[in-house]
Amino acid sequence: MAATSVFSRVRTGSKIGAQYDQEGNLIQVETREDEEQNIKLSEILDLLLAAGYFRARIKGLSPFDKVVGGMTWCITTCNFDIDVDLLFQENSTIGQKIALTEKIVSVLPKMKCPHRLEPHQIQGLDFIHIFPVVQWLVKRAIETREEMGDYIRSYSVAQFQKTHSTPEDDEFMQRKEKAIRTVVHVSDVYKPQRKYKRQVDAGKLIDEESRVHSTLLEYGRRYGFSKQSKEDKVEDRKLSQAPGLPPGMTELSEEEDLQAAEELRIKTLMTNMAAMATEEGRLTASTVGHIVGLQSEEIKQIASEYAEKMERSAEDRPERYGPAQQHRRQMASLNKQIQQKTKQLEELHAKHLEVQAGCEEAKIKLLEASELTDKLERELGALEEVESLADSSILEKLRALVAMNENLKSQEQEFRTHCREEMARLQQGIEGLKMESGEDTEDEKERNQLIEKQYKTDRDKLQKIRLLLARRNREIAILQRKIDEVPSRAELTQYQKRFIELYGQVSATHKETKQFFTLYNTLDDKKVFLEKEVNLLNSIHDNFQQAMASSGAKEQFLRQMEQIVEGIKQNRIKMEKKKQENKMRRDQLNDEYLELLEKQRLYFKTVKDFKEECRKNEMLLSKLRAKGAS
Amino acid sequence: MAGVETQLMLSVGLIEKDVNGDVLWVWCYPSVSAELRDVLLSKCCLTLDSSMLHTFVFGQFSRTWYYITTVEVHEPTALKKVTHFSIVLTAKDFNPEKYAAFSRVLCRMYSKHGSPVRMMEGYIAVLTKGMCQNDENGSFLVKDYDAQKAYLAGSIKDVVSQFGMESIILYTALMLKKRVVVHHPRIEAVLEFTRVLPALTWHRKDWSILHPYVHLNERELESLRLCTGYVAGFVDPEISNRSDLFDVYVNLPDSEITVSQNAKEAMLMGKLHRDVGLLMVQSAEHADRTDSQVIKDISVKTKEILANLTSLAEECENSKITLETLKQRRFPPATESFLFHLAAAEQLLKI
């Protein structure tokens, strides 16, 4: 991406800066601008379609084609000239496109478009910026169409009328002459007629209002109050000297005060007017004099008389004086409204007074409070002066401690009284609860007692049964232990095996011990003999020297020696005999042992045979049983 | 010296629930009026039917702040026949953290020894010295719990982020001393939300307008009506029908704010409000600004408005503004009405 280039915007639809990867495929560079542009393009096309430019739907056209075509179409719809060659070439160059777009852009300011657009933006398909312009154009186009719709329709009708005519038209043509004549006649009859003319020497009226007023009066129109100018009717009567209708028949308005003011004005104006020459001219002067003179009073009189008459005869003539009735009704309603408003005003007034009174009270209270604070501040100031003489830090501590002390004392007092109160309250509560529970009726009490008794008896029974159960359990335990003591067959064989083992061990140890004994005895004997021998040899050795000294001693010595030898030999023979005896006994015992071994072997063999036989027996029995069953 | 501060504590009370399910106001020091006692019993969650335990609730009644800590009795304990108990502390100042910590210490003492006497020793120690020993060889010090910290403890950022631009309605209501009512079925949510609202008018630092836990009974509503402007929290959904009690109604679970009909003209809002609202929202959205900084931002803006108003007042006689002076400035109608009412609230208006 040409991110560092000066022209950082990638123009959609152009392949400038396209990247290819290794395999030569185009890398789809997705920028956010691209997606937004597409969204905006679709919105633009929707707008154009909604406006009526259906070329936008054609799929084969390029976006530039659609957009530019749409914009020119909108501009032409708004009745602005745009000199654009609408025959598009499929592959116009950039220069041609720019020329097109420049023309479009030049028209936009003339149309007073609030959004600015550059030609290169359209050509570069910058839809984000094109969108507001298109939106505004479409709006303008629709507005113009609405405005021009009627005009165009009437134009087309006129064109149609030039050459053809419908049956209705023919009918109308026939009636036209007669209709025209009637209309003119009617308008003549009801034309305002000028009754007076302002005299030339009366001078010009300065302000517009009086000019207008005088012109209206010339034509006989009183401005303001009455539906019909009563005065000019009166004037007419006076002027024409004709027997006027009784006052009650004229339609007079009832607002006398306002009329008086009006009278004055009209007097001043009318003084300068003269009746038109077409009317009774010779009465001009007297008419004027009349007007200036007593007319107002007479009018008032007439008005009041008429008012009375009207009130009296209001029901008789309901329909003839419709407008007067309406007027009266209006008057009545206005009066009622006035009454209502005055009532509201009174109420508000009363409320206002109340609130003000409250405000005053609050102000008074505020004053009092502020006075109190002033007083306190003064006292505090005095106190501070006194305090400033003393040592401040100790004073502070002292103050704090004193305050604390006071506080705690007061709290203690409070607490005491409160405790008493609480005690009273709680005791009351207890009393209340007791009362509630004590208020049971007799029946309930009896029932309660019965229930209590039953409960007790049941509980005792439960105890006894529990004791019984315990005893039985103990007996069972004892019996069980006793039974356990009797050994079962498996236990017995185990015991037997164990006994045999132990016996074997014991016998082995016994044998060993016996062997040790015999060893000891033997060694002991051996020791004795060796001692004897040593003694003998010692004695011989001792006596040898003596013995050799004399012959008698020598012989004695020799005899002794021979005796010794004899003795030894005899000992030896004894020993040999003993040995023989032991040997014989040993052989005997050995034989016995062998015999017993044989017996044991025989016993084992018999047991094995017996087992075998038992097994066979079992097997046969089971076979028998099986056979018996089936 | 802890003397001055601890004069703020008024009393301590004890409520117990025994094995039979009966609740009783057992004991208190030094004393509690019968009215306040009834109110406290109704606020304590032991008297409610539901078995939900609210560990710590607080509220205000007739200028007295009460703090209730409820604890379930566990073994080993010297208390027989008691399943739960609550300790109630009443005081003149608003400082939930301090009283919560203190009552936890007292609860443990009571639970261990089973007699209020031992607990009273702790209470008197704090009353006289401002500190007391607790179980784990530590100590509870009153001076650790500053009033300023208590004011700043709530989270204004949560409030602004929950309501967005609508929080300007709350700001206006508080500036003009109107009556704001907040509802949520859970009391803890109501307490948490309402305690931070007076911080919007930081220049007044007035938390006595806060009544975070109110029931719909006559006594409490009477005491509420005595205040001209208040922020009241309700758990009872019936409050939404009582439009005579509020000018602004905040429905917390649905995050809706409604202004009642009779207050609509007083609460008109214009460009000035939009600016303040934007400031609030932006300040709260900023991730690394703490709650106190957000409050500071709002108070700076408030001070600007008030400085403007006082400068207007100084030009008039007696330093009081009248409607005519305001009209002379030709403010847009909403701003004019707001400034007029604000002057009334800040006592800058000529009566």
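**Group meeting: chains A and B, their contact and their salt bridges**

Hello everyone, let me start with one pair: R37(B) forms a salt bridge with E422(A), the closest N and O atoms being 3.0 Å apart. This pair crosses between chains, running from helix 2 (residues 34-43) of chain B to helix 13 of chain A. By salt bridge I mean a side-chain nitrogen of Lys or Arg within 4 Å of a carboxyl oxygen of Asp or Glu. Helices here are DSSP runs of H or I with at least four residues, numbered from the N terminus.

A word on the model: it is predicted, so local features need pLDDT of at least 70 and side-chain atom pairs count only at pLDDT 80 or more, while totals for chains, interfaces and linings use all residues. Residues are numbered from 1 along each chain as its sequence is written, chains are lettered from A and ligands numbered from 1 in the order in which they are written, and side-chain values use heavy atoms, with hydrogens and water left out.

Back to our pair. Are R37(B) and E422(A) buried or exposed? Both are buried, meaning under 20% relative accessible area, where over 50% is exposed and in between is partly exposed (1.4 Å probe, protein chains only). R425(A) joins E422(A) and R37(B) in a network of salt bridges.

Now the interface as a whole. Contact, meaning heavy atoms within 4.5 Å, links 16 residues of chain A with 18 residues of chain B. The two chains bury about 1,400 Å² between them, 61% of it on carbon and sulfur atoms; that is the accessible area (1.4 Å probe) that two parts lose on being put together, summed over both. On the chain A side, M404(A), Q411(A) and F415(A) lose the most area to chain B, together 36% of what that side buries.

Over all chains the count comes to 30 salt bridges.

Key:
Helices (H or I, at least four residues) and strands (E, at least two) are DSSP runs, numbered from the N terminus.
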